[in-house]
Amino acid sequence: MISAATKEKVEALASAFPQRRSGLMPALHLIQQESGYISPEATVFLSQVFELSRAQIHETITFYHMFRTRPAGRFIFQVCTNVSCMLRGSEEIMQTLSEILGIQPGETTPDGQFTLQETECLAACGAAPVVQLNEEYLEHVTCRQIRELIAELRKES
Amino acid sequence: MSKVNLKINGKTVQAPAGSTILEAARLAEVDIPVLCHHPKLANLGSCRICLVEIARQPNLHPACTYPVFEGMEVQTESPRVVEMRKFVLDMLFSERNHHCMYCEMSGDCELQNLAYRYRMDRWSFPSPHPHMPVDATRKYFLLDHSRCILCRRCLRACSDLAANHTLGVKNRGADTMICADMDLSFGESSCVSCGTCLEVCPTGALVDRRSAYMGRTAEVQRVRSSCAACSLGCGVELVVRGGQVLRVESDWDRHNEGVLCVAGRFEPLEQTREKITRPLVRRDGQLQEATWVEALDALVSGLRQAAPGGIRAVTSGAVLSEGMNEFVNFFKGKMGVPVHLLEPALAGSELAADGGLKDVDAADFILVAGGDPLASHRVLGYRIKRAIDKGAEVWLVSGKETEMAHFAARCLGLAELDSAVAHCMESRSPVVVYGADLTAREAGRLARLRGKARFIPLAPSPNGHRAQVLGLEPAAGWAGAKALFVLLESALLQEGWLQEFRRPQFLAVYASCRSPLTDQADVVLPALQWYERQGTFINMEGRNVDVHQAVEPGGEGWSVQKLFDRLSGCMT
Amino acid sequence: MFTKILTRNFDQPDLHEMEVYEKLGGYRMIRQALRRHTPEEIVQMVQRSGLRGRGGAGFPTGIKWGFIPRNSDKPTYLCVNADESEPGTFKDRHIILHDPHQLLEGIMVSAYAIQSRRAFIYIRGEMAREAAILNDAIAQAEKKNYLGHRIFGEDFDLQIQVVRGAGAYICGEETGLLESIEGKRGQPRTKPPFPAVCGLYGCPTIINNVETLINVPHIVANGPEWFAAIGKDPRNTGPKLYGVSGQVKRPGVYEFDMTITLKELIYDVCGGLTENRALKGVIPGGSSVPILLPEEIDVAMDFDSLAARGTMLGSAGVVVIGEGTCMVRVARRVAQFYAFESCGQCPPCREGTAWLHKILQRIESGGGHPGELDLLAEICDNMKSHTICPLSDAAAMPIESYIRKYRAEFEEHLSRPGCACS
């Protein structure tokens, strides 16, 4: 469900740019922030607001890997495995996460709490290895830190 | 327009400034291969097969998008270009499953043709054959992703020509795929089965289900004709082999510019009605096969018994002009019998029919009154949607629910017609599309826009205009008729008309297919099938368009002209 | 001895606050630009300064600005490329995190120069925090009327909006970026027309990198001659940020003039390699550029010296690779990136990147076939300069260089499964 407040914000976005369609990217971010993903219902809503076809909305959504068309876990771990991080041990970080969470990259734990993903360079190479937890950057990550963090998050959930 | 001089493969060419290299090459009769380019679609420049070498430029450039300049020197088949084309083909062939011998398009495929032209004699890559889905949820055509080369012609056709915006691409990189709406199956999607995508597909990715594997281009004939499904008279090409129409394609040079609708492209060939191939005469209460001589005898005696005052004649507005003329000459001229039109007519004969699809393209305001082009004249409806995409405003004035309402800026009731007329007066290049739901009074109000707007009538029958010229009016009923002759051909009868219909003493029907009406008849005369007839009709632009015989008559059907020629002989 | 210019205040606490930035001399240069110079003068100053774009291609900024058609009846847009996605590059994020107002000031002066009243900062979607920092800085500036109608009380209006991407490397390409701002798939456009003539919404548009823009106020304040004198080479002027990552002791963003050599950067500035391992190779300008061998690193970190070595300065993201790293693995990971990021329009890139990845994956896991190294080289060769945008080249160039420079290692992978290096 898209809340009334979000709907209102999305409608405002449609007139925030020289052309309506430019409001689409920020609108997709807003909706994903609220619902965790872009549902078919949201696509229909956006197509009405931005006067675009459903195909046009879907084309945009599926081009950008941050946008999801299915729900993901509450905590999304994205491990950069690109060269700079690889040289600094990102593969062990990924392996540790995979072992603790019991899932492979691209999967979500059955309880819907954790999603593990491989991601591309996050532009924080000086602090490699880097992991993004939801929107937050975790820098100079160690395997020990990951274990502690997950224990904490599990308590929380 | 100023001209630019350039050289293509050493050949001097003069091309209009602003042309692309590809356009200039066509003037010079130099053949540059293309895949994503289609003459009726916006250029993308993405398939890279048309890359050419331009002197003094380090990189190759796509001929389909690169503009010509004075003194330009282009090489279209240099070793560097040929090597690159082979690479592009290699990439395309390695991408999905292009096993030509299993493909319906083999022999007619633009990709395969290029592979021949550039002598692809091996696979450069251990072939992957990824499993790709086939979407066969559409009735008339299917999408096999294995054969798709992602040229995006289909989606440009869907958006830019049919203005339907069903097709798009999802994902990116090698995962890119054509998809419908928000990734629905085609059957569930907003696809209207106009088939424009099918027609522009360069490979066997989009395949017509009915005609698949039934003949390659070299084995078929093409007959240019006009679609008579409605009064638009779209240009079509009937693809024929062995006395059979395999499929209907569009004529890209006519006013419909390659676009057809489901009623013109697919439905005519999905004939589920039983064909009438021999005359039928009622004997002992049963319709029985007869010879033409027997049928004409029965007809003549039936008519004579009702003569002089008891005969009525009615024609469908789907009948071609030549037949309609003969029919009216015979009944009205020779027999003095009133002749009526089967379908309703447009009110407002004082309104012009001076607008065409080109006017829709140029319109800033389109008033649709008393009709639904997306239901009755779909290609016009698509064209109106195209105009909306380009910024035209559409107002709809109707007393009914319509498809067009989803796309109109404003939807008004018939009572508010005057405000729409006022808005129309203020626009720059308005078009008025009017349908049969308007009363004479309402049509009269629209008449104020004469001279200001172009008018496009939504005639309820394909050749309704001709009927109007001949002074035929919808039948008010034939309660007093003793004998009725119905010139039906392949026209479909409305439910309501049949319910109200009271069978006279004698009923004769000229028809190509069996229907509840022919079942009641005393004499049934076999008509030519739609693809067997020849003649003209007046389309919505008021122009005569040709209908050509595509196939020699298969049954004993006669043309209307032949029927009345013989009948005249019998009656005198 | 080089004195820091762009990053001189980065140690100051709360630099993202307007008061702090202003106390340190911020927003003086835009006032000076608006009051003392015509837009044409600033364009000429930037042209004379020799400033070259810091995003990767190194195109002279002033010349780019000069492509804007005069007397166009359409608005001109300035788009700031903050889509920093080139693997190994992290300087622009560093700037935004530390000193957002400096970027805003750079945008103000540049927008004035090209007479753009509306600027968009296109920032990577992943950088949510950085986008928030920018939005906060914009709000502070709007409050003081440094943005909006008649900024600084002068006859110039300017609005800046932040647009977030959503995870697509290709949106760092100029026209991919424009498509994305327009709410579409970030698929690069065919050129011509070029953005300076027909860009955002079909209007004249300039796209500049974050680091490029923060140089502009300094040029206006100190003069183009001052700027041109920084560094030795008139073709490689001004300060430059280098992001060094990988196996060095002190990774980070460092500012120097372009006379510094790669060797100095690695050993003197960053303290050499971790665990004192031997150097195996260096990527000098982000993952898209050819690699350098240890014997090739005594080279000035400027556009032309690196070009002479067969590589590029690119985004100046230096990735240091030590002995013990498997180059097949590096190659596979780089190929994976480009295959994932290809937009999918042009077959040479769409399929070329996918095949590079597939073949390298096979070789890495010991399933490669003899002859595949030549096949890889052939694919790379054909991928170059045959596509709408340079992503295809960016994928081909590094892979080609790895195979050429570490051929024995690749061949060893072909001859036996498993990896001898790790």
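## Domains and contacts

In this predicted model, the domain assignment divides chain B into domain 1 (3-77), domain 2 (104-112 + 125-269), domain 3 (280-345 + 466-571) and domain 4 (357-458). The C-alpha centres of domain 2 of chain B and domain 3 of chain B are 37 Å apart. Their contact involves 14 residues from domain 2 of chain B and 14 residues from domain 3 of chain B.

On the side of domain 2 of chain B that touches domain 3 of chain B, at least two residues each come from strand 11 (221-226), strand 12 (235-241) and strand 13 (244-250) of chain B. Strand 11 of chain B gives the largest share, 4 residues.

Gly464(B) is located in helix 14 (residues 464-469) of chain B. Gly464(B) is buried because 28 other C-beta atoms lie within 10 Å, where 20 or more are required. Not counting residues up to four places away in sequence, Gly464(B) touches Ser231(B), Gly317(B), Glu343(B), Ala345(B), Leu346(B) and Ala459(B). Between Gly464(B) and Ala347(B), the separation is 117 residues in sequence and 12 Å in space, C-alpha to C-alpha.

Chain C also contacts chain B, with 22 residues from chain C and 23 residues from chain B. Helix 13 (327-341) and helix 14 (347-364) of chain C are the elements giving two or more residues to the chain C side. The largest share of that side, 8 residues, is from helix 14 of chain C.

The table lists two contact sides by residue class.

| Domain 2 of chain B, touching domain 3 of chain B | 7 residues | 6 residues | 1 residue |

How values were computed: Residues are numbered from 1 along each chain as its sequence is written. Chains are lettered from A and ligands numbered from 1 in the order in which they are written. This is a predicted model: local features need pLDDT of at least 70, side-chain atom pairs count only at pLDDT 80 or more; totals for chains, interfaces and linings use all residues. Two residues are in contact if their C-beta atoms, placed from the backbone, lie within 7 Å. A residue is buried if 20 or more other C-beta atoms lie within 10 Å of its own, exposed if 12 or fewer, and partly exposed in between; C-beta atoms are placed from the backbone. Domain bounds come from an automatic or database domain assignment. Ala, Val, Leu, Ile, Met, Phe, Trp, Tyr, Cys and Pro count as nonpolar, Asp, Glu, Lys and Arg as charged, and the others, Gly among them, as polar.
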